[in-house]
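Please keep the sequence and the structure in view while reading.

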Amino acid sequence: MEEKILNQKKNGMAMLLLLLVIYAAAVACLGIGIGGTENGGGALYVALCVVGGVWMALGWILFCGLKVLKPQEALVLTLFGNYVGTLREAGFYYVNPFSSAVNPAAKTRLNQSGDVGDASAAAAQAANTAEAVGKRISLKVMTLSNSRQKINDCLGNPVEIGIAVMWRVVDTAKAVFNVDNYKEYLSLQCDSALREIVRIYPYDVAPGVDTTGDGVADEGSLRGSSELVAGRIRDEISQKVTEAGLEIIEARITYLAYAPEIAAVMLQRQQASAIVDARKMIVDGAVGMVEMALERLNENHTVELDEERKAAMVSNLLVVLCGNRDAQPVVNSGSLY
């Protein structure tokens, strides 16, 4: 289904004034006809009564052709089941009164900007209700915040992740006629794309994991490569929603954490890894300082140490430099030997 843009004149105000004038004339005709009939008038007064009465009873149908569009709104029109076209420019229009607007997602409420049915947001609810009644399609950039999902990463660890997707409708005909409900369709495709991409990556950098599909292990991870992961999620969603006339502008990871059942264990693992890295750094620094001390003593000939005394000195220095507590020195007042 291809979108057809209606370049219709914005003649809504002129038609409104014309219909009001005709309504006033019909009221006048009805009044004159009733008065003339009561005074014994002829067929002319009866005709005036009939014309005025018929217009008063059916003339309201023509008012159904008045349509108002605000900026960044569209109206998809059908006539007896056939797609007529789409109004996209803001203005006051008059269309065929028998044509009807179509928007299957008008009453759908998702957790997204401008579309959240929340009792605490009275103003937003009123705006949403008006939109639902008018069947208008918003062309604005919307933000869909899907609920957090529990997904296993490539190592089988359950993680909780949530994303925010910026999107908009670019083809109203495809959005209305190609899918049953384009908002629900987008939400489901976001869930599917999120699972498809997350299962490729580990939560943190892991050895021997290929996240790019080139057969070479890399350092990609959900935590360290969030920009890359978000880009792949956006591309995956875009491929699936093009047929629905939607454009995905951006996707962002809004929440990322281990699932509660393994969060404590993973925290201990991270702490242990951090302790090991810190100890490694301390030992490397201490060994360098010991080597430097021995070299300086040897260069200056400050003291001559045999191998046994060098080993004792190295041991003492390492204890002092690598210990968690301040060393308690023992002063030797006698001979070194």
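Of the 337 residues in the protein, 33% are buried, where buried means under 20% relative accessible area, exposed means over 50%, and partly exposed lies in between (1.4 Å probe, protein chains only). The model is a predicted one, in which local features need pLDDT of at least 70 and side-chain atom pairs count only at pLDDT 80 or more, while totals for chains, interfaces and linings use all residues. Residues are numbered from 1 along each chain as its sequence is written, and side-chain values use heavy atoms, with hydrogens and water left out.

**Overall features**

The protein contains eight helices and ten strands; these are DSSP runs numbered from the N terminus, helices being H or I with at least four residues and strands being E with at least two. Its accessible surface comes to about 19900 Å², and 58% of this belongs to carbon and sulfur atoms. Among contacts between residues at least 6 apart in sequence, 69% join residues at least 24 apart, a contact being heavy atoms within 4.5 Å.

**The pair of helices 5 and 6**

Two packed helices are described by the angle between their axes and the distance between the axes. The axes of helix 5 (residues 182-198) and helix 6 (residues 226-241) come within 9 Å and cross at roughly 135°. Helix 5 is therefore oblique to helix 6. Axes are lines fitted to C-alpha atoms, for helices over the stretch in contact, and the angles run from 0 to 180 degrees between N-to-C directions. Angles under 35 degrees count as roughly parallel, over 145 as roughly antiparallel, 65 to 115 as roughly perpendicular, and the rest as oblique.

The contact involves residues of helix 5 including Tyr 185, Leu 186 and Gln 189, and residues of helix 6 including Val 229, Ile 237 and Val 241. The residues of this contact divide into ten nonpolar, two polar and four charged. Here Ala, Val, Leu, Ile, Met, Phe, Trp, Tyr, Cys and Pro count as nonpolar, Asp, Glu, Lys and Arg as charged, and the others, Gly among them, as polar.

Gln 189 lies in helix 5. At 16% relative accessibility, Gln 189 counts as buried. Not counting residues up to four places away in sequence, Gln 189 touches Ile 237, Lys 240 and Val 241.

**Residues brought together from apart in sequence**

Leu 48 belongs to helix 2 (residues 43-58) and is partly exposed at 23% relative accessibility. Beyond its neighbours within four places in sequence, Leu 48 is in contact with Cys 29, Leu 30, Ile 32 and Gly 33. Ile 61 is placed in the loop between helix 2 and strand 1; Ile 61 is partly exposed, with a relative accessible area of 24%. With the neighbours within four places set aside, Ile 61 is in contact with Pro 97 and Phe 98.

| Pair | Separation in sequence | C-alpha distance |
|---|---|---|
| Leu 48 and Ala 26 | 22 residues | 8.5 Å |
| Ile 61 and Pro 97 | 36 residues | 6.6 Å |

**Two residues with positive phi**

Most residues other than glycine have a negative phi. Gln 72 has a positive phi, near 60°, and is found in the loop between strand 1 (66-69) and strand 2 (73-79). Gln 72 is partly exposed, with a relative accessible area of 44%. Phe 80, in the loop between strand 2 and strand 3 (82-87), has a positive phi of about 55°. Phe 80 is exposed, with a relative accessible area of 70%.

Note on methods
Accessible areas come from the Shrake-Rupley method with a 1.4 Å probe; for residues, only the protein chains shown count as cover.
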